[in-house]
Amino acid sequence: MAAPDTHDEVPWWREAVVYQVYVRSFADADGDGIGDIPGIRSRLAHLHALGVDAVWLTPFYPSPQADGGYDVADYRDVDPLFGSLDDFDGLVTDAHGLGLRVVVDIVPNHTSSAHEWFVAALASAPGSRERARYLFRNGCGEGGDEPPNDWQSRFGGPAWTRVDDAAATPGQWYLHLFDDAQPDLDWTNDEVKAEFESVLRFWLDRGVDGFRIDVAHGLAKDPAMPDLGEAAGHRPVDTAGHPHWDRDEVHDVYRSWRSVIDEYPGAPAFVGEAWVPNPERLARYVRADELHTSFNFHFLEAKWDASSMRAAIDESLGALVDVGAPATWVLSNHDVTRHVTRYGGGDVGTRRARAAALLMLALPGSAYVFQGEELGLPEVTALPDHARQDPTFRRTNGADVGRDGCRVPIPWSGDAPSYGFGPGAASWLPQPDEWAALAVAAQERDEGSMLHLYRDAIALRRALPALGDGAMSWLDTEPGVLAFTRDPGFACVVNFNGAPAAIPTALSGGDVLVASTPFDGGLLPADTAVWLP
Ligand code: NOJ
């Protein structure tokens, strides 16, 4: 039975625990080795038992899968690889029946090159209405043989590809900040704006509870398209004043989107994916008339040490004070190395990941759990090159191995691949031999498992009025220890040191709500977090 909820008065998005399903890798019902929507439906009980409030689904739309589905060919359908619209509707009904909200991904920066708009653009002349939806430009140099500028793709290589123009000589170039199969849209174009508002309505009308906005910081480009001065092959980072990242014009888009979503009942909400230089820039995305929330990657990027974590927490909360938006906390997702590995790997990485989970779930705001994090999965670093599918691997000639290592299908049960992911052994990325012990069924039998820790902490978070939305206050501590309280009657202490440390005297001697490693009330063990009443 679900734990009693003490948080009914607060809008759900201010404090939800959202579980990220990477659709290809969650559960495979039809046995083709690729996860699908019927697979997700068959495993909703896991999310219910975990106690999360919502599930975010990565793109499941028709797509050539050049970038794991972030290359969308049709924004209003389901790829047959993953099921059908009926399957999607059934998933929403089942999820809602379990009290789980459903958030879908929207990909507005670019379409797939297989999208009918891009196919029409290629078949049309320069200057046509069809080309105006994308960013086609004439090349530089003699015969237009050089790209229009020096911008580089986020996945490596130039951000421009030349087309073979039957209708014009010389052929034009189109911009793609990601793969060449992901042409960027022109967000000054009214048709583009109208189309995406219509896509939002399409999914809202089907009952979704929100959207995760892909590359929310990338839609606007400097119309002058100035050179960045980057050496060829250099992959750009996000900086303020950049000609294509985090430009002020993107905010007009989100103000319009907010007025659309606000027409719908049930408080559907946005979460933006905006990689920006600092929490102040991030706060601009969550002003009252823009997005409800935005991922906080500054926390994700903080190192495992008390001062880095405290700075990330303070700066994130501080920047939000003026706009009144809640913070979000993320440790892992499908684009970054899993945090067990980032925090050192092996037993140390796992121990720190357990402590990090208690820290994240105690902070004010909403929290994101990437599938498999509740199992303590590490990054899979030993994938054979032939199995890798992330376009980054190909576009950097293997210099960057890419993101496949965090996308390996998750283990559910049994002793051999696919560990219950699908009916047989098939999985689109190979699973390591050691994953039997990390499977959901194995961890359910082990009270000390990562899965039990997540379940216990999320149930407590639901039951305790102090957790979720609200405020926190730091306590004085020993070096390498962070401690904070939340009202009423809650404290979290995290020891980032590699040796035991004292907890603040005001907190010592009482009961323990949950601890990430066994804690007898004396010194807090190394790399350990504890929740106290
Ligand atoms: C961010 C997504 O999370 C990532 O997986 C994708 O490759 C890029 N955006 C491009 O859509």
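These questions and answers concern the ligand and the cysteines of a predicted model.

Colleague: How many residues surround the ligand, and which are the closest?

Modeller: The closest residues are Asp67, Arg212, Asp214, His334 and Asp335. They belong to a surrounding set, and the number of residues in that set is 14.

Colleague: How do the residues of the shell divide into nonpolar, polar and charged?

Modeller: Asp and Arg count as charged, and the closest residues include Asp67 and Arg212. The shell as a whole divides into four nonpolar, three polar and seven charged.

Colleague: What is the distance from an oxygen atom of the ligand to an N or O atom in the side chain of Asp67?

Modeller: A polar contact requires N or O atoms within 3.5 Å. Asp214 has a polar side-chain atom 2.7 Å from a ligand oxygen, and for Arg403 the distance from a side-chain N or O atom to a ligand oxygen is 2.9 Å. For Asp67 the value is 2.6 Å.

Colleague: How many disulfides does a search of the whole structure find?

Modeller: A disulfide covalently joins the sulfur atoms of two cysteines. The number found in the whole structure is zero.

Key: Residues numbered from 1 in each chain as written. Predicted model: local features only at pLDDT ≥ 70, side-chain atom pairs only at ≥ 80, totals over all residues. Heavy atoms only, no water. Near = heavy atom within 4 Å. Polar contact = N/O pair within 3.5 Å; in protein donor to acceptor, adjacent residues only side chain to side chain. Disulfide = S-S within 2.5 Å.
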